[in-house]
Amino acid sequence: MRVTVDTERCMGHGQCYAHAAEIYRADAEGYCVVVKPYVEGDEVAQALTGAEACPESAITVSEEQDG
């Protein structure tokens with residue numbers, strides 16, 4: 001699964017990394033940085049939890065498409 005953040009939508013609330021610190025971190029200004037852009041197994045649930053916690057819906061967790 002691929003994890004991405006829309007940096008235009010992120011407002012730096014920090015809910016993503018508060019819920020899934022192994023997947024998301026804050027940059028120097030407090031905005032979301034995805035530290036594991038590809039997740040599998042138990043990490044998928046963590047990524048989804050962090051994404052669902054985002055008040056701006058700035059995070060997407062989706063299946064990687066071939067080609």
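Modeller: Buried means under 20% relative accessible area, exposed over 50%, and partly exposed in between, with a 1.4 Å probe and protein chains only. The model is predicted, so local features need pLDDT of at least 70 and side-chain atom pairs count only at pLDDT 80 or more, while totals for chains, interfaces and linings use all residues. Residues are numbered from 1 along each chain as its sequence is written, and side-chain values use heavy atoms, with hydrogens and water left out.

Colleague: Is Cys32 buried or exposed?

Modeller: The burial limit is under 20% relative accessible area. Cys32 has 7% relative accessibility, and therefore counts as buried.

Colleague: How many disulfides does the structure hold?

Modeller: A disulfide is a pair of cysteine sulfur atoms within 2.5 Å. The cysteine sulfur closest to that of Cys16 belongs to Cys32 and lies 3.6 Å away, which is too far for a bond. Cys32, whose nearest cysteine sulfur is that of Cys16, is likewise in no disulfide. The number of disulfides in the structure is 0.

Colleague: Is Cys16 buried or exposed?

Modeller: The relative accessible area of Cys16 is 6%. Because the limit for burial is under 20%, Cys16 is buried.

Colleague: Where is Ser57 placed?

Modeller: Ser57 is not a glycine, yet its phi is positive, near 50°. With a relative accessible area of 47%, Ser57 is partly exposed. Helices (H or I, at least four residues) and strands (E, at least two) are DSSP runs, numbered from the N terminus. In these terms, Ser57 is in the loop between helix H2 (42–53) and strand E4 (59–62).
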